[in-house]
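Open the model in your viewer and keep the selection panel handy. We will go from the whole chain to the core, and then to a sheet.

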Amino acid sequence: MDVVEVAPGAFHLPHALSLDRQRALVDRCRALVDGDVPAYVPVVRGGGKMHVRMLCLGRHWNGQTYTYEATRSDFDNLPAPPLPADFTAVARELAALAGMSLAPDLCILNYYDAEGRMGLHQDKDESVRSLEAGAPVVSVSLGDTARFLFGGLRRKDPVEARPLESGDAFVFGAPATYSHNIVG
């Protein structure tokens, strides 16, 4: 498998998952997104609605406080569903292909419909310990091809657009910057 280093600590893994593995993950994700604790459209600080349905597993990301918590206190107070062992195994495997180790404790499922998108942002809401340790973020794309933007620490830093196809993965950790977005 190809592993393309986009920047120090940032790796694109084209076609990382076989079609059978993609189908299995899609089935699991659909069951979770429509499950007892369903995905929802988060509202962030300032009242803006995100353009994605989200479900957090293991711990919940609160769009009002930008922190992680056990329950969805910003929405319905339901507990975050547990992180499935098969998701943990996939994340560890993909991180290892990029030369990184990972002990996943959460997963964010983002479902993008035809109008779905996420603005340029930095994944920096994790714990200080995780960030300082360079714990990687593992992203898996399933479904339609999306335009993934990867840039620097500041908004005016150069940004690279890269298509992510279904089955692709993107792994980034220290010293990579955490600035990216997905456009459907």
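Colour by burial to begin: of the 184 residues in the protein, 43% are buried (under 20% relative accessible area with a 1.4 Å probe, protein chains only; exposed is over 50%, partly exposed in between). This is a predicted model, where local features need pLDDT of at least 70 and side-chain atom pairs count only at pLDDT 80 or more, while totals for chains, interfaces and linings use all residues. Residues are numbered from 1 along each chain as its sequence is written, and side-chain values use heavy atoms, leaving out hydrogens and water.

Switch to cartoon next, and look for 3 helices and 12 strands (DSSP runs numbered from the N terminus: H or I of at least four residues, E of at least two).

Now select Leu 13, Leu 55, Leu 57, Phe 87, Leu 94 and Leu 109, which touch the most other members of the largest nonpolar core, a set of 25 residues (buried Ala, Val, Leu, Ile, Met, Phe, Trp, Tyr and Cys joined through side-chain atoms within 4.5 Å). Helix α2 (85-97) is among the elements giving two or more residues, and α2 gives the most, with 5.

Zoom in on Phe 87: beyond four places in sequence, its contacts (heavy atoms within 4.5 Å) include Leu 25, Cys 29 and Leu 109.

Finally, show the open antiparallel sheet, ordered β1-β2-β11-β8 (paired strands have at least two DSSP bridges). β1 (4-7) and β8 (137-140) each have a single partner strand, so one side of each lacks a neighbour in the sheet. Select His 12 and you will find Phe 170 of β11 opposite.
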